[in-house]
Amino acid sequence: MKKILLVMALSMVLPSVALAACEGGEEITGKNGQKYCVSNQTMNWWSAFAWCKANGLHLATLDEACNNQAWSGGCPNINVGINKWAWTAIASGDSAAYAVNLLHRGNVSTYARTDNYYALCL
């Protein structure tokens, strides 16, 4: 009887845990089928790291966002039709980091880490 109650309790809790993984964000799917979480609010680069971690995820690297393809000409994997720039985990020098556009061919550019963009989590 205890086992049945435990299974029933877990079946009610586990689905809500899976939904909370992108709480405060929108789940998107890359062209490779990989699911990502994009925050609903803009934030600086450090806050993006913290936001992903708070959701049990991590800020996606460029390799993860671009499906391990060269990203110098854009990141077509992440071109999902949403006009947002989103932070990646890759720093550029001491004060900048890479962000990817989720609309225009997945353009990749560097911005000051203090700028506000969306978080792209995996």
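Does Asn77 count as buried or exposed, and at what relative accessibility? At 5% relative accessibility, Asn77 counts as buried (buried means under 20% relative accessible area, exposed over 50%, partly exposed in between, with a 1.4 Å probe and protein chains only). The model is predicted: local features need pLDDT of at least 70, side-chain atom pairs count only at pLDDT 80 or more, and totals for chains, interfaces and linings use all residues. Residues are numbered from 1 along each chain as its sequence is written, and side-chain values use heavy atoms, without hydrogens or water.

Asn77 sits in the loop between α3 (62-65) and β3. Helices (H or I, at least four residues) and strands (E, at least two) are DSSP runs, numbered from the N terminus. A polar atom of the Asn77 side chain lies 2.7 Å from the backbone oxygen of Ala65. Beyond four places in sequence, the contacts of Asn77 (heavy atoms within 4.5 Å) include Gly30, Tyr36, Glu64 and Cys66.

Six strands build an open, mixed sheet in the order β1-β2-β6-β3-β4-β5. Two strands pair if DSSP finds at least two bridges between them. β1 (25-29) and β5 (108-112) are the edges; each has a single partner strand, so one side of each lacks a neighbour in the sheet. Neighbouring strands are turned by 40° against each other on average, direction ignored. Axes are lines fitted to C-alpha atoms, for helices over the stretch in contact, and angles run from 0 to 180 degrees between N-to-C directions. Strands β3 (residues 85-92) and β4 (residues 96-101) run antiparallel and are joined by five bridges. Ser92 has Ala96 of β4 as its bridge partner. Helix α2 (residues 45-54) lies across β1, β2 (35-39), β3, β4 and β6 (118-121), at about 105° to β3.

The whole structure holds three disulfides (cysteine sulfur atoms within 2.5 Å). Their pattern is 1-2, 3-6, 4-5, with bonded cysteines counted along the chain. The sulfur atoms of Cys22 and Cys37 are 2.0 Å apart. Cys22 lies in the loop between α1 (2-20) and β1 and Cys37 in β2, so the pair ties together parts 15 residues apart in sequence. This link of Cys22 and Cys37 is right-handed, with 90° about the S-S bond. Cys52 is joined to Cys121 at 1.9 Å, S to S. That pair links helix α2 to strand β6, 69 residues apart. The link of Cys52 and Cys121 is left-handed, at -75°. Cys66 and Cys75 have sulfur atoms 2.3 Å apart. Their torsion is about -130°, so this disulfide is left-handed.

Technical notes. Polar contact = N/O pair within 3.5 Å; in protein donor to acceptor, adjacent residues only side chain to side chain.
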